[in-house]
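Colleague: I'm new to this one. Can you walk me through it?

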Amino acid sequence: MRVGVIGSVGSSLLTLQKLVEYSFNIVGVWGYEPHSTLNVSGYCSMRKLAEDNKISYYPFVKINSNDIKEQIRKSSVDILFVVGVSQLVDEDIIRLPRLACVGFHPTKLPKGRGPMAWLILDKGEGAATFFKIDTNADEGDIFVQEPFSIREDDDVTSIGVKLKEAMVRALDRWLPSLS
């Protein structure tokens, strides 16, 4: 199975690390590389991990540009993970993978379609949710979901730790059967 990954934050890097750990055939990593990261919340480059694992790395500024679509098409991906990108991928990219385009959201979809900051305000329940990307944002079928609770005293740091732990559990549960 040929896998591609698009991302630009810690959750993107964690997903890539887990795919490497489970020996997936990763044929390309597309990493957001803005001219300046000052206004990019949680930016995390995936270039080093890709290069260390001899995976083709493609930087981008606009994910929906024709050259990026052509790179993805030429990579013949079966599954494309889109994790931690502030730009919505368009329908052309969604349809490029042979099997599925997989998204990630830090809430217990179908509830909580919104940014992670809303988790802090709602003080409810979060979840590491991997789902099939469809043309409507955050609405596709769920592949795996690992919930976590949010307490009254949680802040962005403690929720980030809980989310990372939930992602690890979700991917450890799902990736062996996916491969």
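Modeller: First, a term: buried means under 20% relative accessible area, exposed means over 50%, and partly exposed lies in between (1.4 Å probe, protein chains only). Helices (H or I, at least four residues) and strands (E, at least two) are DSSP runs, numbered from the N terminus. This is a predicted model: local features need pLDDT of at least 70, side-chain atom pairs count only at pLDDT 80 or more, and totals for chains, interfaces and linings use all residues. Residues are numbered from 1 along each chain as its sequence is written, and side-chain values use heavy atoms, with hydrogens and water left out.

Colleague: Okay, start with α3. Which residues are buried there?

Modeller: α3 covers residues 66-75, and its buried residues are Ile 68, Lys 69, Ile 72 and Ser 75. They sit on the same side of α3, because they cover an arc of only 125° around the axis (taken from the directions from the helix axis to the C-beta atoms).

Colleague: And what does the face turned away carry?

Modeller: That face of α3 carries the exposed residues Asn 66 and Lys 74.

Colleague: Which salt bridge does Lys 69 form?

Modeller: Its partner is Asp 92, with the closest N and O atoms 2.9 Å apart. A salt bridge is a side-chain nitrogen of Lys or Arg within 4 Å of a carboxyl oxygen of Asp or Glu. Lys 69 lies in α3 and Asp 92 in α4, so the pair ties together parts 23 residues apart in sequence. Lys 69 is buried at 12% relative accessible area, while Asp 92 is partly exposed at 46%.

Colleague: How many salt bridges does the count come to?

Modeller: The count is 15. One of them pairs Arg 47 with Glu 33, the closest N and O atoms being 3.1 Å apart. That pair links distant parts of the chain: Arg 47 is in helix α2 (residues 47-52), and Glu 33 is in the loop between β2 and α2, 14 residues away. Arg 47 is partly exposed at 29%, and Glu 33 is partly exposed at 22%.

Colleague: What about Glu 51? Which residue does it bridge to?

Modeller: Glu 51 bridges to Arg 47, at 3.4 Å between the closest N and O atoms. Both lie in α2, four residues apart, about one turn of the helix.

Colleague: New topic. Where is Asp 154, and is it buried or exposed?

Modeller: Asp 154 lies in the loop between β7 (142-149) and α6 (156-178). Asp 154 is buried, at 7% relative accessible area. Its side chain reaches the backbone nitrogen of Arg 151 at 2.7 Å. A polar contact of 2.8 Å also joins the side chains of Asp 154 and Ser 158. A polar contact is a pair of N or O atoms within 3.5 Å; within protein, one must be able to donate a hydrogen and the other to accept it, and residues adjacent in sequence count only if both atoms are side-chain atoms.

Colleague: Last one: β1. Which way do β1 and β2 run?

Modeller: They run parallel, joined by six bridges. Strands pair if DSSP finds at least two bridges between them. Val 5 stands opposite Val 29 in β2. β1 and β4 also run parallel, with five bridges. Five of the six residues of β1 are buried.
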